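Here are my notes on this one, written as numbered points. Keep the structure open while you read.

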Amino acid sequence: IKYIKQFILNKKFTKKWILFKQGKRKVAVRYFGCTPKSSFRYSDDVKIPYYKNRDQFVLQLATKVKGETIVLAKIPRQSTMIKATSFIARQLVKQEEDIEIQVKGKTYTFSTSLSDNDTLFIPILEFDLIKEFKSLCNKKILNRGKGYSSIGRAFQKVKFSMDEKGAKLRSLAVVEELESEPAPGRRFIFNKPFLLCLWKDGETQPYFAAWINNSVFMKRRKK
């Protein structure tokens, strides 16, 4: 899934790394995005359906695949993934053109698109994981005409990467038998745990969601 316009890689910025916060630690990781000098290029491709402050917002990145977007949410972790994605789903259906926010006692009107003075930094991601579903092992399967058999192993393999060009996802599931003054520039910096979703238009839930809690799957600074 490629973005409409390719973003800028971190090596072209003055700031070479962002410090991703995981607990009490901060880890320098590579990133991509845009600064106020280039954000105007992406005003049609980056939507902000929800914005409360620098640590609570939802971004929707347009892609070249019709009807599919990449959604990034920097929000407090929810008790379940379904609660988190349901919150995002409610934000995506909003049709507001502007958002009014109180900042230091003043009310500002922000656009729901990326503005000329906004900053966007997103960590580069790459992971290859296998999830075992041990609770399904030895469960009976009714095979029509063949009686019963049981599940010997159930797992899902997920390979995902995201960089300045777009995102790639490979997933395999296997079951084996056996107004006023101008608003200040916003900073959409994904330097804390966030939720990543791949979403098809009109769907109430994403077809892929991952809570990025640490820097294990990010491109780190080389020592």
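1. Two strands pair if DSSP finds at least two bridges between them; strands (E, at least two residues) and helices (H or I, at least four) are DSSP runs, numbered from the N terminus. With that in hand, look at the open sheet: 4 strands in the order β1-β4-β10-β15, with mixed pairing. Its edge strands, β1 (8-9) and β15 (187-189), each pair on one side only.

2. A word on what you're looking at. This is a predicted model, where local features need pLDDT of at least 70 and side-chain atom pairs count only at pLDDT 80 or more, while totals for chains, interfaces and linings use all residues. Residues are numbered from 1 along each chain as its sequence is written, and side-chain values use heavy atoms, leaving out hydrogens and water.

3. Back to the sheet. Strands of a sheet pair through backbone hydrogen bonds, either parallel or antiparallel. β4 and β10 (residues 119-123) go the antiparallel way, over 4 bridges. You'll find Phe32 opposite Ile122 in β10.

4. Now the aromatic rings. Rings of Phe, Tyr and Trp (its six-membered ring) pair if their centres lie within 6.5 Å; planes under 30 degrees apart count as stacked, over 60 as edge-to-face and the rest as tilted. The structure has 18 such pairs. Take Tyr3 and Phe7: their ring centres are 5.1 Å apart and their planes at 80 degrees, so this pair is edge-to-face. Phe13 and Phe121 make a tilted pair, at 5.7 Å centre to centre and 45 degrees between the planes. Phe13 sits in the loop between β1 and β2 (18-22) and Phe121 in strand β10, so the pair ties together parts 108 residues apart in sequence.

5. Are Phe13 and Phe121 buried or exposed? Buried means under 20% relative accessible area, exposed over 50%, and partly exposed in between (1.4 Å probe, protein chains only). At 9%, Phe13 is buried, and Phe121 is buried too, at 4%.

6. Finally, compare two loop residues. Asp45, in the loop between β4 (31-34) and β5 (46-53), is buried at 9% relative accessible area. Leaving aside residues up to four places away in sequence, Asp45 touches Ile4, Lys5, Gln60, Leu61 and Ala62 (contact means heavy atoms within 4.5 Å). Arg77, in the loop between β7 (68-74) and α1 (81-92), is exposed at 56%. With that sequence exclusion, Arg77 touches Trp211 and Asn213.
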